[in-house]
Each structure stands twice: as C-alpha cells, then as structure tokens.
2 protein chains.
Amino acid sequence: MAEPKNRRPRIAVTNDDGITAKGIQSLAEAMTEFGDVYVIAPDSPQSGMGHAVTFSRILRLHPFEFGRGVKEAHACSGTPVDCVKLAVAEVFGEDNLPDLLVSGVNHGSNASINVIYSGTMSAAVEGAMCGIPSIGFSLLDERWDADFSASIEVARTLARAVLERGMPSGTCLNVNIPKLSPEALQGIKICRQAMGHWRDTFDQRQTPGGSPYYWMRGEFHNPDKGEDTDIHALSKGYASVVPVQFDLTAHHTIGTLNGWNLGHED
Amino acid sequence: MAEPKNRRPRIAVTNDDGITAKGIQSLAEAMTEFGDVYVIAPDSPQSGMGHAVTFSRILRLHPFEFGRGVKEAHACSGTPVDCVKLAVAEVFGEDNLPDLLVSGVNHGSNASINVIYSGTMSAAVEGAMCGIPSIGFSLLDERWDADFSASIEVARTLARAVLERGMPSGTCLNVNIPKLSPEALQGIKICRQAMGHWRDTFDQRQTPGGSPYYWMRGEFHNPDKGEDTDIHALSKGYASVVPVQFDLTAHHTIGTLNGWNLGHED
C-alpha cells in the first residue's frame with residue numbers, strides 16, 4: 001500500500017503515439033486533477049516498438065510547450081522505454097520517483113497479445129521495473145481524432161485507486177477501453193490476457209526501380225473463448241484491466257524441464 | 001511431445017547481432033547436424049530492439065550466401081521479430097512451420113531482466129507465439145571474436161532435447177552460457193529469471209554546434225540472491241536455461257485487484 005504523502009503527487013505521463021497525439025493530451029490534462037504532471041513522450045510515433053531501448057545511438061530531449069495545466073514537458077527522440085529511463089534518470093532522479101506513471105491513451109487496442117508489441121505498455125512495464133506504480137491505457141479506436149471521453153473516466157478511476165492503494169509488487173496494469181460513449185460503457189473488469197495471436201501476411205510490392213519490398217499486415221485471431229479474458233470483457237462493453245508482470249519465467253514448466261535430465265548437474 | 005517425422009527436420013536460425021556475426025555463423029553451422037538449416041536474420045545489428053515490429057515502414061528480404069552447409073539464407077532489413085514473421089509467412093508458410101527455431105548465439109548476456117530488452121530472446125518468444133519450438137542462446141562475452149565453442153556444445157544438447165521432446169506449450173527457452181571453455185563448463189541448470197534490473201544513467205554531451213544529447217549507460221543490479229536463478233547458475237559456471245512465457249498476466253494479483261471494487265460490475 002502507498003503511504004500517505006504530505007505533498008501533491010507527481011505524475012509522469014508518456015505514450016507511443018508521440019507527444020502531439022490527442023490521446024496523451026487528454027490523459028495528461030485529466031491527471032492534473034490528481035497532482036503535478038510531467039510529460040516525457042516521444043517526438044514521433046513509436047507504435048509497435050515493444051520494449052526497444054536505444055543504447056547504440058544518441059538520444060535527445062527537448063523542452064516542449066504542452067499547456068493544459070501540465071507542469072513540465074519534454075519530447076524525446078527515442079522509444080517509449082527510453083522516455084521512462086530518461087524521466088527516471090534526468091527529470092525525477094532515481095531517489096525521487098514519481099508517485100504514478102500513466103502511458104497512453106493509445107490510439108488502438110493493446111488487449112491480448114498486443115501487450116508484448118506495444119510501446120505504450122512497454123513504457124508502463126519499464127515504469128514498474130523502476131518501482132513506479134504504472135498504468136497503460138488504450139482505446140479501441142485508431143483514429144487520430146478518436147473520442148477519449150470514456151477512456152478519461154476510466155483513467156480517473158484507476159489513477160485514484162492506484163494513488164490510494166499502490167500497486168502489487170512487480171506488476172503494472174494494462175487497461176483497454178471499448179469504443180463507446182461514457183454512458184454506454186458497462187464498467188471495469190479485472191481480466192487475464194486472452195491467448196490470441198496475429199497471423200501475419202506480407203504484401204510484396206516493387207520499388208519504381210523494380211526491387212521487391214514488403215508491407216506487414218496482420219489479422220488478429222483469438223481462439224481463447226474464456227469469459228475471464230480482456231477480449232471478452234471488451235466485447236461486452238467493459239473496460240478491461242489486466243495485471244501485467246515482467247517476470248517472464250514459466251515457473252510451472254520448471255519441473256518438466258528438470259525431468260529432461262540435461263545432464264552435468266550435481 | 002513432438003511426433004516422429006519421416007523427413008529431415010527443418011531448423012530456422014535468427015539473431016539480433018546481424019547475419020554476419022560470428023555467433024549466428026557458429027550456431028547455424030552446428031544446427032546442420034540436426035536438419036536443413038534456414039537462416040533469416042537482420043542485415044544490421046538489432047541489439048536492444050526487444051519485441052519491436054515494423055508495420056509503418058517497408059521491409060526488405062535479400063538472398064544471402066551464408067555457406068557453412070546452410071540450405072537457404074535471407075538478410076532482412078527489420079527487427080528480429082520481423083525476421084521470424086517473414087520466415088513464417090514467406091520462407092516456410094504458416095502450415096509448414098519449421099521443427100525448431102534457434103536465435104543467437106548472442107554476443108552478450110540475456111540473463112535476468114535482459115530477456116525483456118533482447119532482440120535475440122524476442123525472436124524466440126515470437127517463434128513460440130507462432131507455435132514453433134524455440135530457443136534463444138546468449139554467451140556472456142560481447143566481443144565480436146568471442147569463443148563460441150562451449151555455447152555450441154550447449155546448443156547441440158538443447159536442440160537435440162527439444163527436437164526429441166518438443167516444448168511445453170506457450171513457452172520458449174532462454175539459454176545463457178558463461179564465458180568458459182567447454183572443459184571448464186560445469187553443466188546445464190534449469191533456472192528462474194533473477195529479479196535484477198538496470199540502473200540507467202545518461203552521459204550528456206554536446207554536438208559540435210552546441211546542442212545537448214545523451215548516451216544511455218546502465219549498470220546491472222541484482223538484489224535477488226536466490227540460488228535457483230540464472231545469474232546464480234552462471235556465477236557457478238553453469239549454462240542457465242529459463243523457460244519463458246508470453247502470457248504476461250500476473251494471475252496471482254487478480255484477487256487483490258478484484259478486492260479494489262472498481263465498481264460498475266454486475
């Protein structure tokens with residue numbers, strides 16, 4: 001549980017669609033209700049960057065006039081995970097972590113297996129790895145001018161809950177919001193990640209000079225019909241909340257693998 | 001368990017250091033002992049790309065003369081995960097998956113939390129998501145001319161085991177090898193991921209024109225003193241094998257979160 005603090009909470013805000021996206025503008029403005037808001041977000045779209053990190057190229061961090069009641073904002077040349085690392089090291093300091101990190105609101109779903117490809121969610125996971133209570137928000141609408149009003153109601157509810165209660169150790173939250181008005185939203189459900197996956201195909205095209213190249217296009221398949229999944233909750237008009245961990249160990253298979261007797265053990 | 005096949009196994013090989021790295025050359029050559037080898041690897045270094053995927057830029061795939069007994073090789077302009085997606089869709093076909101995917105041998109450790117930043121391991125995770133038994137190998141030596149002989153012995157042992165037994169559903173293996181000669185290697189241990197993390201600092205420098213920029217530099221910290229971790233096994237001279245899953249749900253915290261009563265539930 002979070003301990004009561006005698007100062008106004010400090011809230012870090014990032015995303016993967018870039019610092020000018022409507023989703024982060026709406027989210028950062030909403031967070032000013034709860035504390036002092038610091039935006040550190042990519043200076044260009046970084047969707048699909050997963051947990052990529054920039055250590056073999058340089059990074060830049062520019063002051064940015066965000067407005068909307070935000071205390072301080074920086075645009076970063078790197079990935080969402082780079083933004084979190086720079087926020088911790090250069091904006092807050094490792095001994096002075098923010099009370100909450102929110103990422104998004106992403107323009108598009110990060111439910112099910114999308115959590116692993118998502119820059120939005122990787123920023124939240126990196127926040128959790130740094131010990132910051134962290135939440136990623138995604139709206140099931142990819143349009144640049146999507147309506148974030150239901151997302152912001154959900155973000156308020158969860159930010160309030162996490163600031164009051166803290167976060168279970170080693171986890172962050174993956175929150176997806178259906179494309180509905182606040183009135184039509186059915187509520188919030190705690191879920192597990194549906195075990196869906198992408199079937200990818202590639203459009204092969206030719207450059208004007210005749211060289212082949214590819215565009216990736218995927219189709220999402222979800223054979224997981226469980227009623228406790230994020231995909232199911234979203235289909236019923238609920239916002240889904242999946243607790244996400246960064247311990248990737250498949251603990252339940254360690255016994256099986258020990259049975260393989262790979263040898264050389266004492 | 002894998003079913004016996006009446007044909008020679010087909011083995012996909014990728015990495016994140018790029019198709020010309022010594023680690024993938026050694027690994028691909030070693031795999032020819034077990035089957036027909038197909039290399040699909042990045043045309044340039046892709047370390048630290050995590051699970052990044054390229055859908056807003058084009059991808060290229062060039063035939064590559066790999067030699068070393070490899071049946072077919074392609075250099076790809078994208079990330080390690082792109083390589084796996086292209087291999088499945090364009091090289092093998094979704095209904096004709098390879099019997100094994102191996103990634104690496106990475107020049108440098110992917111033990112503990114590094115699994116989440118690693119292009120090498122993200123390729124193996126993507127392989128598992130596609131239903132291919134997949135293993136990532138990493139040597140604790142970043143040098144370009146590192147000695148991969150112990151790594152190759154470990155890779156042979158694990159490739160043989162996985163081709164015979166298959167892989168527990170929804171998992172792949174993260175294998176790290178200490179910087180030791182084959183004679184000095186103590187054996188192979190099944191482990192969990194040590195709960196270590198990077199403390200990042202940034203060197204701030206100036207361009208010749210006077211603009212600030214940053215270089216990321218991290219220091220790895222491991223407060224996890226468990227004797228069942230990969231870091232512990234490696235410190236004792238063992239190769240570590242961690243089963244890795246792509247269900248990121250923190251199932252053990254769902255009860256706690258339901259207790260938050262976020263409301264609006266039926």
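Modeller: Two strands count as paired if DSSP finds at least two bridges between them. The model discussed here is a predicted one.

Biologist: In which sense do strand 2 and strand 4 of chain B pair?

Modeller: Strand 2 of chain B covers residues 36-42, and strand 4 of chain B covers residues 72-76. Within this pair, Val39(B) stands opposite Ala73(B) of strand 4. Five bridges join the two strands, and the sense of their pairing is parallel.

Biologist: Which strands are the edge strands of the open sheet of chain B?

Modeller: The sheet has nine strands with mixed pairing, in the order 3-4-2-1-5-6-7-11-8. An edge strand pairs on one side only, and in chain B this describes strand 3 (61-63) and strand 8 (187-190).

Biologist: Are helix 2 and helix 4 of chain B roughly parallel or oblique to each other?

Modeller: The axes of helix 2 (residues 80-92) and helix 4 (residues 119-129) of chain B come within 8 Å and cross at roughly 30°. Helix 2 passes helix 4 of chain B in a right-handed crossing, and the residues of the contact comprise five nonpolar, four polar and two charged. Angles under 35 degrees count as roughly parallel. Helix 2 and helix 4 of chain B are therefore roughly parallel.

Biologist: How are helix 1 and helix 4 of chain A oriented to each other?

Modeller: In chain A, the axes of helix 1 (residues 22-31) and helix 4 come within 10 Å and cross at roughly 40°. Residues from both helices make the contact, including Leu27(A) of helix 1 and Ile152(A) of helix 4; the contact residues divide into six nonpolar, one polar and one charged. The two helices of chain A are therefore oblique.

Biologist: Which residue stands opposite Ile188(A) in strand 11 of chain A?

Modeller: Strand 8 and strand 11 of chain A run parallel and are joined by four bridges. In strand 11 of chain A, the residue opposite Ile188(A) is Ala239(A).

Biologist: What does the twist of the sheet in chain A average from one strand to the next?

Modeller: Nine strands of chain A form an open sheet with mixed pairing. Strand 3 (61-63) and strand 8 of chain A each have a single partner strand, so one side of each is left without a neighbour in the sheet. From one strand to the next, the twist averages 25°.

Biologist: How many residues of chain B are in contact with chain A?

Modeller: The contact takes in 68 residues of chain A. Elements that give two or more residues to the chain A side include helix 2 (80-92), helix 4 (149-165) and strand 10 (212-221). By class, that side has 35 nonpolar, 22 polar and eleven charged residues. On the chain B side, the number of residues in contact is 68.

Biologist: As by what kind of axis are the two copies related?

Modeller: Chain A is superposed on chain B by a rotation of 180° with 0.0 Å of shift along the axis, at an RMSD of 0.0 Å. The same surface serves both copies, as 100% of the contact residues of chain A recur in chain B. The two copies are thus related as by a two-fold rotation axis.

Conventions
Residues are numbered from 1 along each chain as its sequence is written. Chains are lettered from A and ligands numbered from 1 in the order in which they are written. This is a predicted model: local features need pLDDT of at least 70, side-chain atom pairs count only at pLDDT 80 or more; totals for chains, interfaces and linings use all residues. Two residues are in contact if their C-beta atoms, placed from the backbone, lie within 7 Å. Ala, Val, Leu, Ile, Met, Phe, Trp, Tyr, Cys and Pro count as nonpolar, Asp, Glu, Lys and Arg as charged, and the others, Gly among them, as polar. Copies are superposed by least squares on the C-alpha atoms of residues with pLDDT of at least 70 in both. Axes are lines fitted to C-alpha atoms, for helices over the stretch in contact, and angles run from 0 to 180 degrees between N-to-C directions. Angles under 35 degrees count as roughly parallel, over 145 as roughly antiparallel, 65 to 115 as roughly perpendicular and the rest as oblique. A crossing is left-handed if the near helix is turned anticlockwise from the far one by less than a right angle, and right-handed if clockwise.
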